[in-house]
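Good morning, and thank you for coming. Please look at the sequence and the structure, and I shall then take you through the chain step by step.

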Amino acid sequence: MRILGIETSCDDTGVAIYDEIYGLVKNFLHNQKKNHNKYYGIVPELAARLHTKYVLKFLRKCLNYSVNTKNKIDAIAYTAGPGLVGSLLVGASIASSFAFSLNLPMILINHLEGHLLSSMIEHKNLKFPFLTLLISGKNTQLIYAKKLGDYIILGKTLDNSVGEVFDKVARGLNLNYPGGPEIYKISKFGKKNNYNFPKPLIYSKCFNFSFSGLKTSVLKTIYSESKSFQTKANIATDFQNSIIEILIKKCFSCLLQTGLNRLVITGGVSSNLKLRKKFIFFSKKFKKKIYFSSQKFCTDNGAMIAYAGYLKFINHCYHKNSYIFVNPKWNIEDSWVL
């Protein structure tokens, strides 16, 4: 059995094939950050046009591979939401047309569920239930994954996502987009404990997050301080440490309260090596199992969509008739509805 997955929720174009026996056999990805860097953020129309170009290019390669190996594709999965509506429609339109032309079943995937399940591609021993910290450019959520398709959001950001705050602070420091990797790079040269940045809701009994106060405080500091490299590095260091401290406090408090033993950290921000090191340290301290995806699976990619499609297909959650559907605000708690 082979499932082809298409990911076009935002600014990364991903097309992949997941094989029941051989695992991930093809995984093509194009990142648009160079195209959006000068705008310090994603331009939706530009993202959609680039998706059209690269989805078709990668789809041809996947089809050629499937024909040459004489193993046909059994179904096609695509990201139906959440995300940018223009980008989502590109993937949905191409996937639906492809499914219709070859009379293939179609599987609609929630983008966040794709991230949540991505660790299972490499960690075959990861079993439900577990707690997931999903941190990306648009999302910051603590999710209780009870079983496939059964998810409960225990906490979420009340304002900005972690990735969004990284981007805005990076812009204030005159660094490139996306901000997360740039903050990490410069923070390696910084000295800690120069700034006492706020950590909103860190001691709150709820598991929600708030980062707007931290963002505002950091930006005010940037504009009032000198623009030397060392000052920028010091600010980046204390800002990054504040983010990590908040995330660690919330996650391990949630693990203790729910009694869960497994923690999955996923999404683009989870590729931060300082964050990984800190979480691994505390997982050993509290005797919890922790799972990270490889960095190539942290950001948006077609592999996670193909794998999620495979799991849904074997659980008979698919559509025999192709049609175009997108929901830019699709809640992961409703991921099994379609």
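This is a predicted model: local features need pLDDT of at least 70, side-chain atom pairs count only at pLDDT 80 or more; totals for chains, interfaces and linings use all residues.

I begin with charge. The chain carries 46 positive and 20 negative side chains, where Lys and Arg count as positive, Asp and Glu count as negative, and His and the chain ends are not counted. The centres of the two sets lie 5 Å apart; each charge is placed at NZ of Lys, CZ of Arg, CG of Asp or CD of Glu.

Residues are numbered from 1 along each chain as its sequence is written, and side-chain values use heavy atoms, with hydrogens and water left out.

Now the overall picture. The chain has 10 helices and 10 strands; these are DSSP runs numbered from the N terminus, helices being H or I with at least four residues and strands being E with at least two. The radius of gyration is 20 Å, close to the 20 Å given by the globule rule for 338 residues, so the chain is as compact as a globular protein of that length. That radius is taken over C-alpha atoms, and the rule is 2.2 Å times the number of residues to the power 0.38. Along the principal axes, the C-alpha atoms fill a box of roughly 60 × 45 × 30 Å.

How much of the chain is buried? Buried residues make up 54% of the 338. Here buried means under 20% relative accessible area, exposed means over 50%, and partly exposed lies in between, with a 1.4 Å probe and protein chains only. Of the contacts with a separation of 6 or more, 73% are between residues 24 or more positions apart, a contact being heavy atoms within 4.5 Å.

What are the partners of β1? Strands pair if DSSP finds at least two bridges between them. On one hand, 6 bridges join β1 to β2 in the antiparallel sense, and R2 has D19 as its bridge partner in β2. These two strands form a hairpin with 4 residues between them.

Strand β2, residues 12-19, is antiparallel to β3, residues 23-31, over 8 bridges. Strand β4, residues 75-81, is mostly covered, with 7 of its 7 residues buried. A set of 5 bridges joins β4 to β5, residues 106-110, and these two run parallel. There, G81 stands opposite N110 in β5.

Two single residues show how parts of the chain meet. T221 is found in helix α7, residues 212-224, and counts as buried because its relative accessibility is 13%. Beyond its neighbours within four places in sequence, T221 is in contact with Y195, F197 and I235. The C-alpha atoms of T221 and I235 are separated by 8.1 Å, with the two residues 14 apart along the chain. N139, in the loop between β6 and β7, is also buried, at 14% relative accessibility. Its contacts, again leaving aside neighbours within four places, are L112, L134 and S161.

Finally, some backbone details. Most residues other than glycine have a negative phi, and most peptide bonds are trans. A cis peptide bond, however, joins F128 and P129, with omega about -5°; P129 is in the loop between α4 and β6. Another cis bond joins Y177 and P178, with omega about -5°, and P178 lies in the loop between α5 and α6.

As for phi, Y40 has a positive value of about 55° although it is not a glycine. Y40 lies in the loop between α1 and α2 and is partly exposed, at 33% relative accessible area. H316 has a positive phi of about 60°. H316 is found in the segment after α10 and is exposed, at 64%.
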